[in-house]
Amino acid sequence: MKPENNTILSRLNSLTGRFEEVSTLITDPAVIADRKRFFRLSRENKDLESLKNARYAYLRTLRGVEEAQVILSGEADADMREIAREELDACRAQLPGLEENIKLLLVPADPQDGKNAIVEIRGGTGGDEAAIFAGDLFKMYLKYCESKGWKVQVTHYSEGVIGGYKEIVFSVTGEGVYGILKYESGVHRVQRVPQTETQGRVHTSAATVAVLPEADEFDVEINEKRDLRRDEFCSSGAGGQSVNTTYSAIRLTHLPTGIVVQCQDERSKLKNYDKALAELRTRLYNLEYQKYLDGIASKRKTMVSTGDRSAKIRTYNYPQGRITDHRINYTVYNLSAFMDGNIQDCIDHLIVAENTERLKESEL
């Protein structure tokens with residue numbers, strides 16, 4: 001067995017005991033009664049289970065190599081030797097991929113990757129055209145989320161004068177949402193002829209996207225009586241008579257920090273309050289999470305999403321039908337399909353780039 005195999009196996013074996021310990025703990029009635037501890041251990045158990053499955057697949061492949069080598073070194077007939085040779089080649093071909101996957105699993109990932117996300121899109125430089133572009137980005141993300149089977153819920157929006165949104169905030173619920181959408185945080189720049197342009201000149205506008213990991217109820221404790229000011233008002237925009245004439249919209253102000261959130265999406269006052277509280281909890285949580293992002297930003301210079309959210313990350317050039325992601329020098333000429341929600345290829349390239357950097361960090 002190669003030295004690298006021994007190193008990987010020893011690291012995997014060292015985690016086996018912890019997996020068994022956590023598996024036992026989450027069945028303990030005392031732990032189940034402590035919701036915060038149970039939630040934390042359940043999340044750890046899920047991460048360790050991925051390593052356990054990877055260890056099983058790796059050991060099975062190593063055994064396949066050894067068994068094939070035994071047959072080839074013995075006195076088996078020609079047919080058996082041919083089968084063993086094919087098995088040996090297949091197992092050896094699988095080992096590098098399995099080892100690479102295990103290395104990534106062993107490197108501490110962003111602890112927030114498995115969370116849901118709250119996404120905020122704001123029109124930036126460019127006035128009315130920026131608001132229209134913000135609306136285009138929202139439609140792009142909506143279609144992408146639908147293709148992933150994720151649930152999208154708008155919590156607040158402010159419409160642009162001639163279309164789109166000055167601002168729109170929505171939550172995305174699904175498997176590993178934040179770990180995928182986090183790459184979209186930053187400034188998105190568009191180059192095209194605006195609807196209001198009469199001379200046919202190309203203008204440059206921008207919209208900012210902020211993707212926040214949604215805080216769990218155990219992540220942040222809020223004293224609702226002491227720390228919150230609650231205001232009720234009539235919802236604005238589309239939604240029907242009952243939405244626009246009743247005080248169902250909720251605005252929450254967190255007095256210690258001054259953070260303000262609001263929700264007007266639901267007809268129910270209670271549902272709007274719950275959504276607003278979830279967003280507030282997330283924004284408070286991200287005050288601390290940003291320190292973590294700043295800490296790793298210098299190590300992963302290509303990943304703007306992990307640090308400076310005000311930096312330009314992508315350009316959408318309509319005259320050339322071109323998309324360019326400036327973090328990894330990714331350029332494709334399929335703007336129409338991209339704006340229709342087909343953004344996975346770009347995200348895949350960003351994930352590969354970040355994983356490469358994570359592996360480099362672990363080798364330092």
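Biologist: Why is Cys346 called buried in this model?

Modeller: This is a predicted model, and in it Cys346 has a relative accessibility of 1%; since the word buried applies under 20% relative accessible area, Cys346 is therefore counted as buried.

Biologist: What makes Cys91 buried or exposed?

Modeller: The relative accessible area of Cys91 is 5%, and because the limit for buried is under 20%, Cys91 also falls on the buried side.

Biologist: How many disulfides does a search of the whole structure find?

Modeller: The search finds zero; a disulfide would call for a pair of cysteine sulfur atoms within 2.5 Å.

Biologist: Where does Gln112 lie, and why is Gln112 called buried?

Modeller: Gln112 sits in the loop that runs between α4 (78-106) and β1 (117-123). Its relative accessible area is 7%, and buried means under 20%, so Gln112 is classed as buried although the residue belongs to a loop.

Biologist: What makes the pairing of Gln112 and Tyr285 a polar contact?

Modeller: The side chains of Gln112 and Tyr285 are joined at 2.7 Å, which can be set against the cut-off of 3.5 Å for a pair of N or O atoms. With neighbours within four places in sequence left aside, Gln112 is in contact with Tyr178, Pro213, Tyr285 and Tyr289.

Biologist: How much of the protein chain counts as buried, and how many helices and strands does the chain have?

Modeller: Of its 364 residues, 45% count as buried, and the chain has 11 helices and 11 strands.

Technical notes:
Residues numbered from 1 in each chain as written. Predicted model: local features only at pLDDT ≥ 70, side-chain atom pairs only at ≥ 80, totals over all residues. Heavy atoms only, no water. Buried < 20%, exposed > 50% of the residue type's maximum accessible area, 1.4 Å probe, protein only. Helix = DSSP H or I, 4+ residues; strand = E, 2+ residues; numbered from the N terminus. Polar contact = N/O pair within 3.5 Å; in protein donor to acceptor, adjacent residues only side chain to side chain. Contact = heavy atoms within 4.5 Å.
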